[in-house]
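Visitor: I would like to learn how to read a structure like this one. Please take the features one at a time, with the general idea before the case.

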Amino acid sequence: MSFAAMMLVALALDLALGWPKALYDRIGHPVTWLGALITVLEQRWNTDRPARRMRGTAAALLVIGLAALVGLGLQLTLPSGLVGIVLGGAIAWPLVAMRSMHTHVAAVLHPLQDDDLPAARQAVSMIVGRDPAQLDPAGVSRAALESLAENTSDGIVAPLFWGAVLGLPGIAAYKAINTLDSMIGHKTVRYLEFGWASARIDDLVNLIPARLTGLIFALVSGRAKISLTCMWRDARQHRSPNAGWPEAAMAGALAVRLSGPRMYGAEVTQEPWVNSGAADPGPADLRRGLGLYARSMVLLAISLCCIAIWTIWPL
């Protein structure tokens, strides 16, 4: 069975349907199921007792292992051939977020184009953690582009990569890791020790997908050399060992600067600029960023298709 073909089916279903609200209202979503389990473990194990890091590591391994086992169990029940590929793709479908990523960023772009800054701030607050009340139009555009770049890697390229490599156990385990990191992988007093393992594992599994995402951005940008140069020069300056790669590639591709100082609550973090010599982005650049994203998804789908053909009919 071709895992790449399975992921191609998942991508196609997500493009066509997203995750329908009626389905969400009826059964929820795999991420909400994972989130409920993580919440229970965090509330019971993240206490003031000693060995908080050990308990957090155990919680992370339990969630990841359970997700992988469920994926493996489902995969072992699939029939061979085309039917198995389609069914496997349908199971993987909710773990890909291509359509929702575009929807959330487009929701920021539309009010920005209409000079409705309050609505744009409200929309961007749905996809970033910084204080939207402090953002001017350039700040909103920058935050949306950074989220688009980072979440293309975390929400689309990485799950499809691990799904193509390991099948349903791979994509399920990755989604568990990513959900753990988003919920408890923070450098706060409550989560610094308990979420340590979740954050480190997330860094590890995103090493290849993040760089692959940056490469894809560069290849479809029409400015491949500039984008790649910016990525190689500035990615390591980012606070994250992975997010800087797609962000720097996008900054070079669009000829804008990203990252830089930002405010979380009352605290200002002095982050270095990515592509520092370029101008601040505006609504037109955010629109071009969505175009870059769309072309990247086409290249990703073509790549999966080529891998699927090669695995099904090896030369």
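Visitor: Is Asp280 buried, partly exposed or exposed?

Guide: Buried means under 20% relative accessible area, exposed means over 50%, and partly exposed lies in between (1.4 Å probe, protein chains only). Asp280 has a relative accessible area of 33%, so Asp280 is partly exposed. This is a predicted model, in which local features need pLDDT of at least 70 and side-chain atom pairs count only at pLDDT 80 or more, while totals for chains, interfaces and linings use all residues. Residues are numbered from 1 along each chain as its sequence is written, and side-chain values use heavy atoms, with hydrogens and water left out.

Visitor: Which residue forms a salt bridge with Asp280?

Guide: Side chains of opposite charge can pair when their charged atoms come close. A salt bridge here is a side-chain nitrogen of Lys or Arg within 4 Å of a carboxyl oxygen of Asp or Glu. Asp280 pairs with Arg142, and their closest N and O atoms are 3.0 Å apart. This pair links distant parts of the chain: Asp280 sits in the loop between β4 (273-274) and α14 (283-312), Arg142 in helix α8, and 138 residues separate them. Helices (H or I, at least four residues) and strands (E, at least two) are DSSP runs, numbered from the N terminus. Arg142 has a relative accessible area of 12%, so Arg142 is buried. Arg142, Arg257 and Asp280 are linked in a network of salt bridges.

Visitor: How many salt bridges does the whole structure have?

Guide: The search finds nine. One of them joins Asp48 to Arg52, with the closest N and O atoms 2.9 Å apart. Asp48 counts as exposed because its relative accessibility is 75%. Arg233 and Asp234 form another, also with 2.9 Å between the closest N and O atoms. Arg233 is partly exposed at 46%, whereas Asp234 is buried at 4%.

Visitor: What is Leu286 in contact with?

Guide: Contact means heavy atoms within 4.5 Å. Leaving aside neighbours within four places in sequence, Leu286 is in contact with Val105, Val108, Leu109, Leu112, Ser141, Ala144 and Leu145.

Visitor: Which residues make the nonpolar surface patch?

Guide: Patches are made of residues with over 30% relative accessible area and no salt bridge; like charges are joined within 9 Å, nonpolar side chains (Val, Leu, Ile, Met, Phe, Trp, Tyr) within 5 Å. Accessible areas come from the Shrake-Rupley method with a 1.4 Å probe, and for residues only the protein chains shown count as cover. Leu66, Val70, Leu74 and Ile91 make a patch of about 300 Å². Helix α4 (residues 52-77) gives the most to the patch, with three residues. Val70 is in helix α4 and is partly exposed, at 46% relative accessibility.

Visitor: Why is helix α9 called largely enclosed?

Guide: Of the 17 residues of α9, 15 are buried, so the rest of the structure largely encloses this helix.
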